[in-house]
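Grab your viewer and follow along.

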Amino acid sequence: MKILVVGGAGYIGSHFVLAASKKGNEITVFDDLSSGFKSNLNDNISFYKGSTLSKKELDSVMLSDNFDVAVHLAAFKAAGESMLNPGKYATNNIIGGLNLIESCVKNNIKNIIFSSSAAVYGTPRYTPIDEDHPLLPINYYGYSKLTIEQNLKWFSKLKGIRYASLRYFNAAGYDSNCKKFQVESDPQNLIPLVMEVALEKRDHLEVFGDDYATPDGTGIRDYIHVTDLAEGHLASIDYIINNNENLEINLGTGEGFSVLDIIKKTQIISNKKINYVVSDRRSGDPDIVLSSSKKAKQLIGWSPTRSDLDNIIKSTWATYNYNMKANKL
Ligand code: UD1
């Protein structure tokens with residue numbers, strides 16, 4: 001299959017590209033390199049530098065081949081930043097996403113896989129969260145993802161595209177066999193920050209609150225290995241093409257780990273002390289976010305196989321060490 005991967009040089013994108021090319025697909029990556037790295041891609045991958053804000057650049061890459069599917073992973077993802085700078089997220093995530101949908105329609109790419117987020121649900125009304133949970137995002141990032149999901153639905157009705165909206169829970173880990181992935185600069189998420197403390201790039205971690213309604217008082221999240229996510233994308237492509245159906249599914253494990261679980265596991269695996277201080281809660285952070293992955297299992301036959309905490313932390317630690325040694329951190 002010929003797959004156009006928009007945002008394919010980023011963290012999730014480059015893992016998808018690796019998994020998809022291993023299965024014999026022909027991959028073209030389109031990325032503006034604002035947060036991705038060309039070095040994340042093997043030499044056999046065609047690469048176009050371009051932005052979803054340029055319809056001309058989108059058209060040009062789409063005209064370069066007859067793509068069966070476009071996978072859209074080019075978006076900003078810091079929920080906190082989106083509340084301070086919604087315009088940045090409106091431009092990149094919403095306008096960029098709409099440009100991509102329109103260009104797919106214009107260039108006859110019938111299938112779109114969209115990288116959505118558990119943030120579309122907002123504060124969990126119940127847990128685990130299934131796909132029938134109300135869609136009430138509490139940050140602009142989640143709203144931007146929901147807006148693209150809703151437009152995919154409309155464009156499917158009006159223009160006949162097929163799509164899968166994949167609601168990721170907390171993407172984590174790195175491919176264990178390929179340590180060349182460059183880690184994100186200026187990370188905002190828990191596990192990368194813990195790694196930076198372990199490597200003494202950061203003095204300490206701030207634990208955002210220890211008075212949540214969880215056994216140890218810190219927030220519990222559903223960490224899903226990025227290669228499991230990549231496999232979920234491949235299974236979703238098969239599903240929408242073979243069944244001629246759209247898909248809206250969660251990709252998570254259903255199992256949760258607290259902030260202190262992550263710290264403890266990293267201490268064991270790295271043999272380093274993780275200094276932390278407990279600070280105030282971060283606004284908008286729920287106690288527990290867990291996914292129901294029943295629908296993904298039923299419809300696309302997907303279930304995670306690499307998302308145990310040991311593997312997530314070990315693979316992340318290996319990649320951070322590689323980056324440290326290569327002076328990329
Ligand atoms: C958020 C989004 C999620 C998105 C993800 C990607 C929401 C509700 N969730 O996840 O949809 O896919 O970002 O960026 O919008 N923590 C600390 N100290 C830190 C950082 C985090 O204690 O320095 C804690 C948080 O309070 C939370 C857990 O660690 O309990 C995970 O946080 P984080 O990695 O930022 O992800 P989410 O906020 O869960």
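What follows covers the ground rules, a few salt bridges and then the pocket.

## Ground rules

This is a predicted model, so to speak of local features we need pLDDT of at least 70, side-chain atom pairs count only at pLDDT 80 or more, and totals for chains, interfaces and linings use all residues. Residues are numbered from 1 along each chain as its sequence is written, and side-chain values use heavy atoms, with hydrogens and water left out.

## Salt bridges across the sequence

Searching the whole structure turns up 16 salt bridges (a side-chain nitrogen of Lys or Arg within 4 Å of a carboxyl oxygen of Asp or Glu). One of them pairs Asp 59 with Lys 106, with 2.6 Å between the closest N and O atoms. Asp 59 sits in helix H2 (residues 55-63) and Lys 106 in helix H4 (residues 86-106), so this contact ties together parts that are 47 residues apart in sequence. Helices here are DSSP runs of H or I with at least four residues, strands are runs of E with at least two, and both are numbered from the N terminus. Asp 59 is buried at 12% relative accessible area, while Lys 106 is exposed at 60%. The cut-offs are under 20% for buried, over 50% for exposed and partly exposed in between, using a 1.4 Å probe and protein chains only.

Then there's Glu 248 with Lys 153, at 3.9 Å from N to O. Glu 248 belongs to strand S11 (residues 247-251) and Lys 153 to helix H5 (residues 140-159), so the pair links parts that are 95 residues apart in sequence. Glu 248 is buried, at 19%, and Lys 153 is partly exposed, at 41%. Salt bridges with shared partners also join Lys 23, Asp 228, Glu 231 and Arg 306 into one network.

## The second largest pocket

The second largest pocket has a volume of about 170 Å³. A pocket is an open set of points on a 1 Å grid over the protein atoms alone, where a 1.4 Å probe fits, with protein on both sides within 12 Å along at least five of seven lines; lining residues have an atom within 4 Å of a point. The volume is the space filled by probe spheres set on the points, which are joined across faces, edges and corners.

Of its 14 lining residues, Lys 22, Asp 175, Asn 177, Thr 227 and Arg 306 are the closest to the centre. Helix H1 (11-22) and helix H7 (226-243) each supply at least two lining residues, and H1 gives the largest share, with four.
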